[in-house]
Every structure is written in C-alpha cells, then in structure tokens.
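Hi everyone, thanks for coming.

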Amino acid sequence: MLEKIIELTNEYIESMPKKERKKYGQFFTSMETARFMAGLYNIDEKKSKVSILDAGAGSGILSCAFIERLETIDSIQKIELTCYENDNNVLPLLKRNLEYCKEKSGKKIVINIIEDNYILSQYLDFNHMIGGNDNPKKYDFVIGNPPYMKIPKDAPEATAMPEVCYGAPNLYFIFASMGLFNLCEDGEMVYIIPRSWTSGAYFKRFREYFLTIGKLKHIHLFVSRSKVFDKESVLQETIIIKVRKTVKTPETVTITSSQSNSDFGEITSLTVPYDLVVAGEDYYVYLVTDENEVEVLRKLHKFDKTLPAIGVKMKTGLTVDFRNREILRDEEEEGAIPLFYSQHIKQGKVEFPIQKEHEYVVTEQNGLMQDNKNYLFVKRFTAKEEPRRLQCGVYLAKRFPQYKKISTQNKINFVDGVLTEMSECLVYGLYVLFNSTLYDEYYRILNGSTQVNSTEINAMPVPDLEDIQEMGRKVLKSRDYSEANCNLILEGYCG
C-alpha cells in the first residue's frame, strides 16, 4: 500500500519546484521513517474502532503507514481518519492517495479532509475563548510531520497561541502543541520534528506546555543530519518523538538511534530515567545516546546551583564588529581600548595583542564597553569537527592595568560577576568546570548545534560558590591547567 503512495509522492516532488513547497515548509517523510513512526504506537488489541489525526498531511504518507499498521490488527474494524491540508498543489494527490488506501484496505475507513488552516481553525478552542467549542473533537492517535517554517512573531498562527510562543516562532512546534491539544486523555502522538525545541529560551513556553500536558515515551535520534529527508537536502537535526497525553510522569523514557532513515534495522536502544531526560525548571530535554552520557547527567544533576544563583552570569560579547566599522582600529592609538575576539583565547588564557586586524576600538558608546575586570571568556562558535564545544580562556584585569575599559566581540561569551567582581580563585574555579571533559560532554548532550548559548549555560547545574573557589585554588596551586587536571579536580566534587 505505502510503496504506491511513495511512488506517486516522488512524482509530485519532481514536478513541483522546491521553492513552491518551501512556502508551506513542506518536506516529505520517507517510507522507512513512516513505517517506523506508525510502529511506535501502543494499540489496544481489544479496540474495534480508532480515530486518527494527521495535520499538515501532505500527500498522506503517514496516514497510509498508520492504516497499513492497523491492517495487521484483526480486532479493529473501523478507522476514522481526519487530515488537515490547505496546500492546493498537494490536495488532489492527498485525496487520490487516501482513496487508494481505502480501496485496498480490509477495514471500514471514514476519511475527512479539512482544507483549512490547522491552527487558525481551532485556536478559539485551544484558548478556551468565546466562540470556541467547549467540547472539541479529540483523537485516539495523532501522527505528524509538521511544516518546518519560521514565522514572524506577529503572524496569525503565533498570536493565536500566546501560551506557547515567545520570540520568532516556528510552525512545527505550534503544530505539535495543537496536536497534543487534539489528543484524547492517554492518547499517543508521534511526530517527526527538529531537535531545536529541546533547549534554549525561545522554546521555554512550548516545553512547559508540551511536557506538562504530555510526557515523552520514546525519542528516536538520527546520527546523520543529512539522511533524514534524503530527497530534500535538509540539514536539520531531526528527531522522532512519541508523547502520551497524561500528567502522570513515567519512570523511564526509551531513546533509540539509527544512522539514517533507511537503516531502522540497526537500532541502538537505551532506557533512561525520565527525570534525567526531562530536567530543571526550564524543562530541558537531554538527548542521551549511551550509558556514558547518562552517567554525565547523573553526576551533574547532583549539583543544585546555577551560575546566576552563585552571583555570576554568562553574557554575549558587546560589539558586532561589521556593524561598527568606523570605531575599529588595527593599531593602538590615543583613547583606544582592546577588542577581544575568540582568536585571543589560547590554551586557557587570553593573549593580547596578537597582531590581528581590528583588535582595538575607539568609542564613547557605553553599550560597547565593559569594565576591565576579571572574566572567563568562552568561544561562542566552534567547528563541528573540533574536539571540544566549550573552549575558554581566563581574563585577568591585572594583566592589562593600562585600560579602565575593554570591549568584547559578539562571537565570544563572557562570564561576569553580577554584583561584585569575580576573584581570581572564582575565575579559575569556573575555568576548571568549563575546561573539564564532563561539562563539555554535558553541553553536547544539551545542544546539538556548534553555538554556545548563554541562556543554556546560565541554566547549567554547577557546584556551590565555595566549592568552585576551592577548585580554583587547587588548579592555581598545581599550575597544571590541562583538561586532565581539571577532570581530576572536578571528580573530587561529583564522584
């Protein structure tokens, strides 16, 4: 059944320019992925009737895969399938494909295609507003490959769902929120979506809603970024999630991974305590892939402080150099102050000057200057192949007594004392954390990108202030600033 649908979809992909499909954020699911997703559901074999929702149905690949799965369950006699799709280009193909499934199936299938905007057609229900339905239709199962598309924060879909939107949203998580709303109590939803929602400030409201009303049961990771939508050349880190609509927290969550979308036969599987995967007041989701990573989380989740809780905070560098060309200088001159770049961070120290262009600025703008005091500088961007994601350097004000003010380029982050200047011991203690293997591994689990995000760093679990200062004293006394020695020092506090 599914082979035919895929064949017709591939013909459509070839006939429809990608630019046209991009308007709808449309990327089609592969056959193997669709079958894997349909196979994730727990289906009660005593049921005789099921209802399914597929929002943003496209050509009907996921609906068809689900029907194919239900064909194998004898007790189920009737399938009610509702599909939302408002792209006029793909609608004729969707109708044709679903009719084909209906003809081939041995079950009674009732198909309802709603040619409307999925979000706007029921946002009154979602927000419990006047004019909404007090008793909206709910489904036993929701399956989806939602549109992937950034929308403006004042787009109608974003303003329709203020409970989950913050900043510039993406349609995929608005669809996921509505999908969960459409689910029956204890119903199951399987979605293929980017992993970007699992951490960071933009998705906080969504995570709070999604992981309070629903609970993750299964997460599937793809090791290769480019092999998920192989016909589409999408470089998006994509995951498959299965969510149950319940307020009861499960003890564990299953995390599986495969190389790409075509080798689901070779899957690694891990069962992880739920409170290690979904943790903290920000509901971050930690995508662990092996026992070593589980152990990293176990160790760090013993700490109950964050950087702001101990009086320090990571901030992003102040000066966007290409927007402030007129203030940049190659040489030191009267009134010039240093502008620190990531290139100034070398082997755990900050070196200056290094005969780099534009390493001085002359400015009167307070917003581009900071006090010359102790900081820990951390690179904001690293290359995918680099061995470490967290790369830091200690900046000590006493090494540059000639300056009252300095500046930092936007591609570095810096950790700063909030109320008082950080002592040398504290800066070196933070260096022990940021230069350790444990924290580097932790950050990689948390964030799949190569960018070090200050919001995520500020939410990281860290030891007490006194312990961090003591670590700093130890590393200073040893004069060994290597990763191995940082590991040794940290081990004494989280073993």
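Predicted model: local features only at pLDDT ≥ 70, side-chain atom pairs only at ≥ 80, totals over all residues.

Residues are numbered from 1 along each chain as its sequence is written, and side-chain values use heavy atoms, with hydrogens and water left out.

Okay, back to our pair. Strand E1, residues 49-55, runs parallel to strand E2, residues 78-84, and seven bridges join them. When I say strand, I mean a DSSP run of E with at least two residues; a helix is a run of H or I with at least four, and both are numbered from the N terminus. Two strands pair if DSSP finds at least two bridges between them.

Now zoom out. E1 and E2 belong to an open, mixed sheet of nine strands, and the order is E3-E2-E1-E4-E5-E7-E6-E8-E9. Strand E3 (108-114) and strand E9 (268-273) each have a single partner strand, so one side of each has no neighbour in the sheet. On average, neighbouring strands here are turned by 15° against each other, ignoring direction. Helix H5, residues 91-104, lies across E2 and E3, at about 170° to E3. For angles like that, axes are lines fitted to C-alpha atoms, for helices over the stretch in contact, and the angle between N-to-C directions runs from 0 to 180 degrees.

Next, the big picture. The domain assignment, which is automatic or from a database, gives domain 1 (1-294) and domain 2 (306-492). Their C-alpha centres lie 40 Å apart.

So how do the domains meet? 14 residues of domain 1 are in contact with 11 residues of domain 2, contact meaning heavy atoms within 4.5 Å. The area buried between them is about 970 Å², that is, accessible area (1.4 Å probe) that the two parts lose on being put together, summed over both. In domain 1, Arg195, Tyr284 and Tyr286 lose the most, together 44% of what that side buries.

There's one salt bridge between the domains, meaning a side-chain nitrogen of Lys or Arg within 4 Å of a carboxyl oxygen of Asp or Glu. Glu237 also forms a salt bridge with Lys384, with the closest N and O atoms 3.3 Å apart.
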